[in-house]
Amino acid sequence: MIVVGLTGGIGSGKSTVAKAFHDAFGVPTYISDDEAKLLMVTSPEIKSELIILFGANAYQDNALNKPFISNAIFNNKDLLKQMNAIVHPRVSAHFKTWVNNQEAPYVLKESAILFESHADVLCNQIITVTLDKVTKMERLLKRDETTIEKIESIMKQQWTDAMRIAKSDYVIVNDTMAHMKQQVEDIHTTILNKIK
């Protein structure tokens, strides 16, 4: 089973690209952020460790208190690192189990922090999704209830596009839907040819 990592900065459109691979070619896709959020509410071990780290306010009505945690880790790299140390190993183990249950020629592992979390070691090939900063900002301000300051803070904690591209096998420029889908098709064909 070939594992293809799919990464890119916040607001680059990774999820849209992952959906294009899945919808057009049936590629099994693991969205790391979604799975992490799910594990944070379903895993008793993660829950208890996050409550120890953040306090009782980490959860409200059995749901993750996202605004509270987001504010707590905002500009606090140490707290973010501790949270990641709790969550990432569990997501990695969950991903390995998920892969073992797939039967496609290859799977996608979508993660904003593929390199930062060292999850790139699980991948045979890597795709980076890029988009200019102005468009990213516009999309994020529309999509999320956030501020430019918070977006900038997240961007500073992530690798730059140049750093990601240097360690990637493919790059998708996510400027228009048509262009993105064409690049997805080309990369899909290339990956299948390499597997053969």
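Predicted model: local features only at pLDDT ≥ 70, side-chain atom pairs only at ≥ 80, totals over all residues.
Guide: A residue counts as buried under 20% relative accessible area, as exposed over 50%, and as partly exposed in between.

Visitor: With which residue does D23 form a salt bridge?

Guide: The pairing rule asks for a side-chain nitrogen of Lys or Arg within 4 Å of a carboxyl oxygen of Asp or Glu. D23 forms such a bridge with K19, where the closest N and O atoms are 2.5 Å apart, and K19, at 51% relative accessibility, counts as exposed. The two residues are four apart in helix 1, so about one helical turn separates D23 from K19.

Visitor: How many salt bridges are found in the whole structure, and how far apart are the closest N and O atoms of K37 and D33?

Guide: A search of the whole structure finds six salt bridges. In the one between K37 and D33, the closest N and O atoms are 3.1 Å apart; these residues are four apart in helix 2, which spans residues 32-42, and are therefore separated by about one helical turn. K37 is partly exposed, with a relative accessible area of 34%, and D33 is partly exposed as well, with 44%.

Visitor: Which parts of the structure does the salt bridge of E49 and R90 tie together?

Guide: The side chains of E49 and R90 meet at 2.7 Å, N to O. E49 lies in helix 3 (residues 44-54) and R90 in helix 5, so this pair ties together parts that are 41 residues apart in sequence. E49 counts as partly exposed at 30% relative accessibility, and R90 counts as partly exposed at 26%. Salt bridges that share partners also join K136, D161 and R164 into one network.

Visitor: Turning to the aromatic side chains, how is a pair of rings described?

Guide: A pair of aromatic rings is described by the distance of the centres and the angle of the planes. In this structure the count comes to four aromatic pairs. One of them is formed by F95 and W98, which are stacked, with 5.9 Å centre to centre and 25 degrees between the planes; the angle falls in the stacked class because that class takes planes under 30 degrees apart.

Visitor: Where do F95 and W98 lie, and are they buried or exposed?

Guide: Both residues lie in helix 5 (residues 77-100), three residues apart, or about one turn of the helix, and both F95 and W98 are buried. Ring pairs link Y30, F95 and W98 into a cluster.

Visitor: Which charged end sits over the ring of F95?

Guide: The charged end of K109 sits over that ring, 4.4 Å from its centre. In another such arrangement, K47 lies over the face of Y59, at 5.3 Å from the ring centre.

Visitor: Which residues make the nonpolar surface patch?

Guide: I165, V171 and V173 make a nonpolar surface patch of about 190 Å². V171, which lies in strand 7 (residues 170-173), has a relative accessible area of 34% and is partly exposed; its value qualifies because a patch residue needs over 30%.

Visitor: Finally, what lies 2.7 Å from a polar atom of the side chain of S12?

Guide: The backbone oxygen of G9 lies at that distance of 2.7 Å. S12 itself lies in the loop between strand 1 (2-8) and helix 1 (14-25), and S12 is buried, with a relative accessible area of 0%.

Methods
Residues numbered from 1 in each chain as written. Heavy atoms only, no water. Phe/Tyr/Trp six-rings, centres within 6.5 Å; stacked < 30°, edge-to-face > 60°. Buried < 20%, exposed > 50% of the residue type's maximum accessible area, 1.4 Å probe, protein only. Lys NZ or Arg CZ within 6 Å of the ring centre and 35° of its normal. Patch = residues over 30% accessible without salt bridge, like charges linked within 9 Å, V, L, I, M, F, W, Y side chains within 5 Å. Areas by Shrake-Rupley, 256 points an atom, 1.4 Å probe, with all protein chains shown as cover. Polar contact = N/O pair within 3.5 Å; in protein donor to acceptor, adjacent residues only side chain to side chain.
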